[in-house]
Amino acid sequence: MSDVIAAAPLVRIRALRKSFADHLVLGGIDFDVAPSQVVVVIGPSGSGKSTFLRCCNGLEVPESGSVEICGRMLVNNGQRLPEAELDLLRQEVGMVFQSFNLFPHLSVLGNISLGPRKLRGLSRVDADNEALALLKKVGLVEKAYAMPASLSGGQKQRVAIARALAMKPRVMLFDEPTSALDPELVGEVLQVMKLLASEGMTMMVVTHEMDFAREVGDVVVVMDGGVIIESGPPETIFTNPVEDRTRLFLQAVLTRA
C-alpha cells in the first residue's frame with residue numbers, strides 16, 4: 001500500500017444523490033480521497049458503485065450534491081462544468097472502463113499518442129516517445145505497432161490504462177477493469193494497477209477482486225442500496241466489519257472465490 005500524506009483531498013464528494021427515472025441509485029454520498037490514496041469500492045451488483053464513479057468525471061450528473069475534483073467544482077446541485085472546462089478537467093482524471101474502447105483503426109501506439117497530440121499539443125515524435133515509455137511500463141512495448149484486434153483482452157486493457165496515463169492525470173478511475181476478462185488474464189491487469197499504486201497514483205477502483213482490495217487499497221468502501229454502509233482500512237473491513245450487510249457480502253464473494 002502507498003503511504004498516504006495528509007493533504008487537501010483531490011476528490012471531495014458531498015450529499016451526492018442520483019436517480020434514473022423513479023429508481024434512486026445514489027442516496028447521499030459523502031467521501032474524500034486524499035492524494036496518493038487508493039480507494040477500492042466494493043459491494044453487491046446494483047449497489048451504485050459504477051454510477052458513483054461515473055459521477056466523479058461528469059459522465060453522470062447527479063440531481064443534487066457536489067463533486068470537487070483536482071481543485072475544480074465538477075458538479076454542484078445538478079449544474080455541471082461547461083463542456084470546454086469539463087474537457088480540461090478530464091485531462092486530469094483518467095478513466096478505464098470494463099470495455100476497452102480502443103480505436104480499432106489505430107495501432108496501439110496511435111491509440112496512446114492521439115490524446116497527447118490533440119489535447120496536450122505534443123509533436124508526433126514526442127507523443128510516440130511518451131507512448132513507448134508507457135507501453136514499457138505496462139509490459140507491451142513489443143505490441144506498439146499491432147492493431148487492437150490482434151490483442152488479448154488483458155493486453156487491450158493494459159493499452160487502455162496506458163492511453164489514460166498518457167494524459168498525465170492526477171487521479172485514475174477504474175470501473176471494474178477486469179470484469180470482461182478471462183480469469184487467466186486478470187492478473188496481468190491487476191499487476192499494472194499495483195505498480196501505479198506503488199508509484200503514488202491517486203486511484204478510485206470499483207472491483208470484485210477482493211485480493212486486490214485487501215492488498216492494495218488504503219481505504220475500502222462498501223456500498224449497498226446506493227449508500228456507503230461502511231469504509232475503513234482493508235484489515236478492518238475484511239477481518240472485523242462493523243455492519244452485518246458487509247459481513248454477509250464478504251462471506252458470499254469469498255466463498256465463491
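Colleague: Let's start with helix 5 and helix 6: is their crossing left-handed or right-handed?
Modeller: This is a predicted model, where local features need pLDDT of at least 70 and side-chain atom pairs count only at pLDDT 80 or more, while totals for chains, interfaces and linings use all residues. Residues are numbered from 1 along each chain as its sequence is written, and side-chain values use heavy atoms, with hydrogens and water left out. Helices (DSSP runs of H or I, at least four residues) and strands (runs of E, at least two) are numbered from the N terminus. A crossing is left-handed if the near helix is turned anticlockwise from the far one by less than a right angle, and right-handed if clockwise; for helix 5 and helix 6 it comes out right-handed.

Colleague: At what angle do the axes of helix 5 and helix 6 cross?
Modeller: Axes are lines fitted to C-alpha atoms, for helices over the stretch in contact, and angles run from 0 to 180 degrees between N-to-C directions. For helix 5 (residues 153-165) and helix 6 (residues 183-198), the axes come within 8 Å and cross at roughly 20°.

Colleague: So which word describes how helix 5 lies relative to helix 6?
Modeller: Angles under 35 degrees count as roughly parallel, over 145 as roughly antiparallel, 65 to 115 as roughly perpendicular and the rest as oblique. The crossing of roughly 20° therefore makes helix 5 and helix 6 roughly parallel.

Colleague: Which residues of helix 6 does helix 5 meet?
Modeller: Contact means heavy atoms within 4.5 Å. From helix 5 come G153, G154, Q155, Q157, R158, I161 and L165. Their partners in helix 6 are L185, E188, V189, V192, M193 and L196.

Colleague: Which residues of helix 5 does helix 3 meet?
Modeller: Helix 3 and helix 5 pack at about 25°, their axes 8 Å apart, which means they're roughly parallel. Helix 3 uses V108, N111 and I112. On the helix 5 side sit V159, A162 and R163.

Colleague: R163 again! Which residues does R163 touch?
Modeller: R163 is found in helix 5. Leaving out residues up to four places away in sequence, R163 touches F100, N101, L102, F103, N111 and I112.

Colleague: Which helix gives the most to the lining of the largest pocket?
Modeller: A pocket is an open set of points on a 1 Å grid over the protein atoms alone, where a 1.4 Å probe fits, with protein on both sides within 12 Å along at least five of seven lines; lining residues have an atom within 4 Å of a point. Here 26 residues line the largest pocket, with R90, M95, R163, A164 and M167 nearest its centre. Seven lining residues come from the top contributor, helix 3.
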